[in-house]
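The sequence and structure are shown first.

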Amino acid sequence: MVTQLLFKDVKNATELRKMAVNGEIKGALINPSMVVDAFQILVATNKAVHLHKNGKMKTRSLYSEIIFNLSPTNNISEAFKRFGISDSDSAVHIVLVHNKDETLNIDDIISKVDGEQIAVDQVSDLTDVAKIKKLYKIAPQEEKCGSLLDAVVCRMATKDAA
């Protein structure tokens, strides 16, 4: 199962990033300005879980693999720079992967974030469309035949095919 949490007005991004690195938060901490829709996160997570089960991950953990899978390139450090949270970020999208029978202490994670929790479907309010179009190299004519989300997910899905 995948649980997504979204926060804005976050004041402790530095501490959150350190907690994730130290394993105190078992989740992917994503910069929501690079997310068009929660479906984009589900695509990256599904791919990460599949690669994890088959022993084919390119990164060291399931959560780093989720961040890497959001990127249109195969450069791991670039993926972390663009999609992971940085110390100056004021919003964070947290992704948790767990078994159905596993008890997940969401309140514990929520209590670590000094910010306002908002509905995940509001992620588009935090999206930096210009940055996303530039990073994924999306041409104006492409948007005439599909959505920005379609273009982004297509690039994420096909980055290994080249």
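**Salt bridges and a buried threonine**

Arg17 is partly exposed, at 30% relative accessibility; buried means under 20% relative accessible area, exposed over 50%, and partly exposed in between (1.4 Å probe, protein chains only). The model is predicted: local features need pLDDT of at least 70, side-chain atom pairs count only at pLDDT 80 or more, and totals for chains, interfaces and linings use all residues. Residues are numbered from 1 along each chain as its sequence is written, and side-chain values use heavy atoms, with hydrogens and water left out.

**Salt bridges**

- The structure holds eight salt bridges, each a side-chain nitrogen of Lys or Arg within 4 Å of a carboxyl oxygen of Asp or Glu.
- Arg17 pairs with Asp87 in one of them (2.8 Å, N to O).
- Arg17 lies in helix H1 and Asp87 in the loop between helix H4 and strand S3, so the pair ties together parts that are 70 residues apart in sequence; helices (H or I, at least four residues) and strands (E, at least two) are DSSP runs, numbered from the N terminus.
- Asp87 is partly exposed, at 39%.
- Within helix H4, Lys81 and Glu78 are three residues apart, about one turn of the helix, and their side chains form a salt bridge (3.9 Å, N to O).
- Lys81 is exposed at 64%, whereas Glu78 is partly exposed at 23%.

**Thr45**

- Thr45, in helix H2 (residues 38-53), is buried, with a relative accessible area of 1%.
- Beyond its neighbours within four places in sequence, Thr45 is in contact (heavy atoms within 4.5 Å) with Val2, Ile66, Val95 and Val97.
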